[in-house]
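This report covers nonpolar packing and aromatic pairs in one protein model. The sequence and structure come first.

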Amino acid sequence: MNKKEINEIKSLYDTVQDCSILKLAGCYVNSDKEKVKTFQEPFHNLPEEEMYKYLEIFRKTLSGTPGRNLHDMAFTDQYGQDPGTGKSLLEEIRKTELNDEGVLDGFYDRVIENYQYAGNYLILMIFQSYDVPGVTTDGIEMEDASEEVFSYILCSICPMKLTKPGLGFDDDLGEIHTLRQIFAVELPETGFLYPAFNGRSADDGAILFSSKQTDHLQDLFLKNVLGVSATLPARQQKEGFTEFVADVLGEDSGFETVLSVQENLSEAVRSKKNEAAGETVFLDKDTVRNVFEQSGVSEEKMQSFSRKFDEQFDPSRLQKKQMEADSSGSEELPFKDDPPRPEIKVEEKLFADNVVPVRNFEVKSKDMVLRINSRHTDLIDMRIVDGKKCLVIELTDDLTVNGIPVGSN
């Protein structure tokens with residue numbers, strides 16, 4: 001789903017008056033992985049104030065950056081065929097419009113078994129039928145010219161946290177007392193939309209997955225509940241790409257070459273974004289290869305480019321790295337004692353904003369950090385001064401040191 005399609009669905013939750021959510025269902029799960037409460041009811045039976053609170057949660061589920069927080073995921077041949085999981089389960093929930101308690105309980109059980117969260121949380125689901133308006137060739141909506149009815153489910157998984165202790169005024173007693181702590185619903189950490197709304201139409205071969213975290217995507221939940229395989233999180237994309245560039249360049253990773261690679265990558269991304277009119281931009285292997293060639297990387301190094309790209313983003317290699325991080329107690333993957341993680345699915349393309357610093361160019365050492373607008377890297381140069389390699393920076397009239405203007409003398 002592109003940004004426009006995401007925003008079109010998200011706009012359905014702007015006001016209670018325009019909202020056409022038919023059914024709300026949910027399950028409150030405690031820290032012992034027990035169902036405390038399940039419920040299902042027509043959405044418009046709720047008090048208006050509560051409806052607005054729920055709408056805020058649903059808007060937040062579809063908020064974020066495509067490629068970082070919002071991920072298009074397709075069902076695979078390996079997953080989603082079991083009637084009790086994946087596409088079969090999600091389609092059954094959608095067809096029954098959240099009215100079958102048995103189907104919902106089966107879904108809740110699978111979530112509880114596979115969702116990695118140490119505390120209390122709330123599973124929320126809605127069913128909605130959206131009368132998709134037609135659009136003219138110049139992008140104007142025709143509200144009286146519906147093309148299809150998009151029937152979908154949206155799931156939001158929200159942490160439940162204790163309110164802070166404190167004192168408060170009791171209206172009935174007219175006295176100050178200690179406030180009773182309760183578990184309050186937080187904004188969602190995870191969620192999904194099924195089916196995806198691709199091309200402004202239902203795509204029952206895919207979901208839109210939402211994650212507040214960008215370095216941990218609930219792999220077991222994706223595999224064993226939704227029936228899709230996990231994509232590579234944003235942080236791992238960045239780190240993996242950095243390793244890949246350093247590996248390919250090897251001893252050729254001089255300042256001028258690295259600077260040239262970064263400049264050409266930034267320019268390639270800007271060009272793709274202009275062509276895509278603000279939509280999500282990805283970098284595939286061919287684009288990165290062209291950048292390396294334009295940056296003067298030697299033919300000898302380019303001979304290993306394709307092999308090293310495939311090796312860097314090979315699923316089995318990434319799986320091994322995750323297991324090593326788990327066994328070492330890395331904070332990056334917080335659930336050290338969880339079962340082995342399922343295989344990661346890695347497309348041969350990377351979300352551009354995850355790997356290319358389009359706005360700033362950073363030069364860093366142990367004792368220095370220098371950030372330069374990526375459009376003005378011509379301000380710095382490398383020269384030999386007194387026999388030492390030095391970065392030479394052009395001083396401009398607007399130079400300041402800790403906010404203090406520096407004169408031109």
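## Nonpolar cores and aromatic pairs

Leaving aside neighbours within four places in sequence, Tyr13 touches Ile21, Leu55, Phe58, Arg59, Leu62, Ile126, Gln128, Tyr152 and Leu154. The model is a predicted one.

Tyr13 also belongs to the largest nonpolar core, a set of 34 residues. Along with Ile9, Phe43 and Phe58, Tyr13 is listed among the residues with the most contacts inside that core. Several elements each supply at least two of the core residues: helix H1 (3-10), helix H2 (48-61), and the strands S1 (21-29), S4 (120-135), S5 (141-162), S10 (196-198) and S12 (206-211). In soluble globular proteins, nonpolar side chains tend to be buried together.

Helix H10 spans residues 305-312, and its buried residues are Phe305, Lys308, Phe309 and Gln312. Around the helix axis these residues cover an arc of only 105°, which means that they sit on the same side of H10.

How many aromatic pairs does a search of the whole structure find? The search gives 19. Two of them involve Phe305 and are set out below.

| Pair | Geometry | Centre to centre | Angle between planes |
|---|---|---|---|
| Phe244 and Phe305 | edge-to-face | 5.3 Å | 75° |
| Phe292 and Phe305 | edge-to-face | 5.4 Å | 70° |

Why does the pair of Phe244 and Phe305 tie together parts that are 61 residues apart in sequence? Phe244 lies in helix H6 (residues 234-249), whereas Phe305 lies in helix H10, so the pair joins those two parts of the chain. The pair of Phe292 and Phe305 ties helix H8 (residues 285-294), which holds Phe292, to helix H10, and the parts it joins are 13 residues apart in sequence.

The cut-off for buried is under 20% relative accessible area.

Terms used:
Residues are numbered from 1 along each chain as its sequence is written. This is a predicted model: local features need pLDDT of at least 70, side-chain atom pairs count only at pLDDT 80 or more; totals for chains, interfaces and linings use all residues. Side-chain values use heavy atoms; hydrogens and water are left out. Buried means under 20% relative accessible area, exposed over 50%, partly exposed in between (1.4 Å probe, protein chains only). Helices (H or I, at least four residues) and strands (E, at least two) are DSSP runs, numbered from the N terminus. The arc is that of the directions from the helix axis to the C-beta atoms. Rings of Phe, Tyr and Trp (its six-membered ring) pair if their centres lie within 6.5 Å; planes under 30 degrees apart count as stacked, over 60 as edge-to-face and the rest as tilted. A nonpolar core is a set of buried Ala, Val, Leu, Ile, Met, Phe, Trp, Tyr and Cys residues joined through side-chain atoms within 4.5 Å. Contact means heavy atoms within 4.5 Å.
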